[in-house]
Amino acid sequence: MSANELRHVGLNLADYGEITQPEAESAIFGFWVFLMSDAVLFALLFATYGTMLQATASGPTPASEYKIGSALAETLVLLTSSFSFGMASIAMKYPSPGAQQPRLLGWMAVTLALGMLFMGLEFHDFLGMVKDGALATRSGFLSAFFALVPLHGLHVLAGCVWLIVMMVQVVHFHLDARVRINILRLGLFWHFLDVVWVAIFSVVYLQGLIH
Amino acid sequence: MTTAPDPWHLLLGRLDLQSLPFVRAWQNPTASELISAAAAAMVVLAAVAVIVLVTLLGKWRYLWTEWFTSLDHKKIGIMYVILAAVMLTRALVEALLMRAQQAVAVGNAGFIAPDHFAQLFSTHGSIMIFFMAMPILTGIINYVMPLQIGARDVAFPLLNSISLWLTIGAAALMMASLVVGRFSTGGWSGYPPFTELSYSPDVGPDYWIWAVSLGSIGSTLTGLNFAVTIYKKRAPGMTFMRMPLFCWTSLCTAALMIFAMPPLTVATALLALDRYLAFHFFTNDLGGNMMNYANLFWLFGHPEVYILILPAFGVYSEVVATFSTKKLYGYTSLVIATAAIGALSFTVWLHHFFTMGQSADINGFFGIATMIIAIPTGVKIYDWIWTMFLGSIRFTVPMLYSIAFMMTFVIGGMSGIMLAMPPLDFLVHNTLFLVAHFHNMLIPGLLYGMLAGYHYWFPKAFGFRLDERWGKIAFACWVLGFYLAFMPLYVLGVAGVARRTQAFFEPALRPWLIVAGAGALVLLCGLMSLFVQLRVSIRDRRRLAVPVGDPWDGRGLEWAIASPPPEYNFAMIPSIEGRDPFFDGKRQGDSCRRAPARYEDICLPKESATGVVLGLAAAAASFAIVWHIGWLAILGTLIVVGTVIARSFARDIYRIVSAVEVERIDLRWRRALSEARAVPRELETSGLNRGLAEVAR
Amino acid sequence: MTNLADERKSEVRAYIAGFSSALLLSAASFGLVWWRPFSPATTLALVFGLALIQMIVHFRFFLHISFSRSSRDDLQLILFAALIMALMVSGTLVILFNLRTRMM
């Protein structure tokens, strides 16, 4: 069986173990559906942000609050974490006696560290804004900002918790079928968060810093 | 203003004695307050009565292992329908109270205070949409769809249970609002700024936000479940174009649930942020914009009404074909119409707020889009009529509902086309004309469809038919009651009478309101008749028994198995060769009921308490947020997160039904099949019908 | 066995290709805003365009969405979701901006 014969998108498994292919397909497709409903949620928050961009109520504006250096750093960190998760996926897919589990855990740890670094940088940004008096309670624009960007941050936090849980499960159950499927779904989730971030740095940060 | 928090506040948040309607009624015994207290008392007494009854009968273990923790789509479906029936009763009584108040309060204040009246119309709408309509259609799709596609269960049985318990938890919040505190007075749509903290600082809008949010999350997950089931779990040979129409409508409904619930989640979440963290999304000051809410809410709200109607359309397709003894006319056009309705439902939402200040061009665009969406619905009506034409029609209860639907729903459709014209809408927006229109769509459309489905598939689920005579009595009440209750409202609406009005001053309105009140009483008789019918049917279940499983000479796979079906549905998953495989099979040697060559072990999911724990913990956390009980909110949230994580560690989650057991169950059914006498259609509502249809070869 | 090793190498290369393209696209967006070679309107349009391209890169190289048969159901789902999002977002923006204009 060719490992590259992808039966289903995201189903980047070399073999399925005791879970049947149709069950795995359902599990992955179902997760894609969930991601699409989450995407609609984010899209509406972007739309709300767009309609409230002008609602600064004579308070802090995007130009006064957004820092391009921070945004760039966060972008690079998250993108690299997507790459490191890709390496983890490859470690999981291809068997290598003795080295597979440590390699997988290693790449997952790197992803986790980058994820937490991302959240740290973002939290630092938010603290800076709060010190400036740019709180969500100040204006509609800031409310829209603080709904959209921290929601993404919360998703990253959930992803980090999920990473920790999966790392524990890899140690405890080794790579049984359920662990593999869950790591695949976590991968979809992690990459999806990076896609949302592309939209955030473009629509929120860069748009805010252009004018 | 700051005082140190005393222990009571830490424990109970802002709960106090004033939160109880009994205390309020004691202090101020007006008719309105006494009615509130009576309602609260009924909820408490009913809950106590149920608990005592179950304890006395010793049924807790049975309920827990066989029902609450079950992951079987059939049981989950039945529980959804039971929930819907309970909530329907409450909401119908609320409607009666409102109608009674309006009939009485012409030139006087009536007996229901304005604030109480406002809570009534808010709970009536919220319950009917989120806790009656959504659960009943979810329940019927849950039961029937997997059977029709030849599957053993939905794609994600545990998620199914979680969705059910989130809905039950949310309904519990609605019932709690009767006993502790009060409900929102902002209608089922909850528009800010009225529902903002500055105008409604009480717990009402909070109850509304959390009940609706939990329910909507449950529905999104259900939509996900149904969509993946239909995509991935169809029996071999069942292509999309061979699926029954009910499955097509289920698929489109699922797609709408997946994509239309998020706007509601966003709307209520942003309102919650405004209320709890003083954000400025919809406030009057500092950059808030209430139109953002209206836009978000109706982005959800319009597809929602198509979520409500599409399953009913699916039921009609099944029922009309079966009881016209004829193949469904225009299958392809029905599929295209269903998909078109689903897609177009996302393009019309602005017609709910034509009057809010947009330019005429924008109003015009959405008005035209709204009229266009009527076309596929019209196609469906014609297809059903053509199905009946030259068919051999049997006037069973489901068929009666379908015919009443075709005639009555179209009237509502026409009033909808009228409302789709912005200039006309400006005159009747938020009048009783609008109220008449949407009830004209929901009652003959959704409710008759669900009642038809209930009568049609009840024998499959429970092994005996419903009493036909009481079914016809109920039908007569539902139809007469609808016309009496809502046709006067068209007249009143055109005369300019606003909706949600607690008292009137124009004597000319009185006769119309009295007729409408009488109609509501007849509708209540309809509901009561259904309960009587159930009692009579259970009493007479031996006479009404149809164990062989095919009481109506049905067309789809669900009729090819026993009534009630075994836990695993099919001993052997059939292979499909066309539309109506069971019907065609019956006429060609009964191919769908052939015994399997070999019986196999069947793997089923084990029961799980995960759904119950998640649903109830989420409801507890929501209750805690409503009342500012910090410790309970944190605890509830931790339980939710912890349970999800713990469940992911579970490995012993399946059980096996042995091939020997499957064979035993199957042979028992086959014995009944061989011993039963086949009945012709003239005898299908008689006691001779054992569930085997006579087939002219 | 060498077959597997080759496939593994080509997969790693795919991830590297995706990563580098995404880096370049991000750098380009940030660069456009930092050095301002174009007018604000043009810059905004370019930034959005680059974002859309980068999203496609992510979907192709990290999420393995393609036109192949195994991707078909998911591609359909993603395109339908994209359509719904486009309708909702554009509708929201048009309506709210129209309301704001008429309020001035």
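# Briefing: how chain C meets its partners

C:D73 and B:K232 pair up in a salt bridge, with their closest N and O atoms 3.1 Å apart; the term covers a side-chain nitrogen of Lys or Arg within 4 Å of a carboxyl oxygen of Asp or Glu. This is a predicted model, so local features need pLDDT of at least 70 and side-chain atom pairs count only at pLDDT 80 or more, while totals for chains, interfaces and linings use all residues. Residues are numbered from 1 along each chain as its sequence is written, chains are lettered from A and ligands numbered from 1 in the order in which they are written, and side-chain values use heavy atoms, leaving out hydrogens and water.

**Chain C against chain B**

- On the chain C side, 16 residues are in contact with 20 residues of chain B, contact being heavy atoms within 4.5 Å.
- Chains C and B bury about 1500 Å² between them, with 73% of it on carbon and sulfur atoms; buried area is the accessible area (1.4 Å probe) that two parts lose on being put together, summed over both.
- Watch C:M88, C:I95 and C:L99: they supply 33% of the area that chain C buries against chain B, more than any other three residues.
- The salt-bridge count between these two chains is 1, and there are 6 residue pairs in polar contact across the interface, both residues at pLDDT 80 or more.
- The side of chain C that touches chain B splits into 10 nonpolar, 4 polar and 2 charged residues.

**Chain C against chain A**

- Here 45 residues of chain C are in contact with 52 residues of chain A.
- The area buried between chains C and A is about 4600 Å², and carbon and sulfur atoms give 79% of it.
- Helices α1 (2-35), α2 (40-62) and α3 (72-103) of chain C each give two or more residues to the side that touches chain A, and α1(C) has the largest share, 16 residues.
- That side divides into 29 nonpolar, 10 polar and 6 charged residues.
- Helices (H or I, at least four residues) and strands (E, at least two) are DSSP runs, numbered from the N terminus.

**Chain A**

- Chain A has 6 helices and 0 strands, and its C-alpha trace spans about 65 × 30 × 25 Å along its principal axes.
- A:H174 sits in the loop between α5 (140-173) and α6 (177-210) of chain A, and its phi is near 55°, a positive value in a residue other than glycine.

**Cis peptide bonds in chain B**

- The bond from B:P192 to B:P193 is cis, with omega near 0°; B:P193 lies in the loop between α7 (157-179) and α8 (204-232) of chain B.
- B:S563 and B:P564 are also joined by a cis peptide bond, with omega about -10°, and B:P564 is in the loop between α17 (510-539) and α18 (581-586) of chain B.

Notes. Polar contact = N/O pair within 3.5 Å; in protein donor to acceptor, adjacent residues only side chain to side chain. Nonpolar A, V, L, I, M, F, W, Y, C, P; charged D, E, K, R; others polar.
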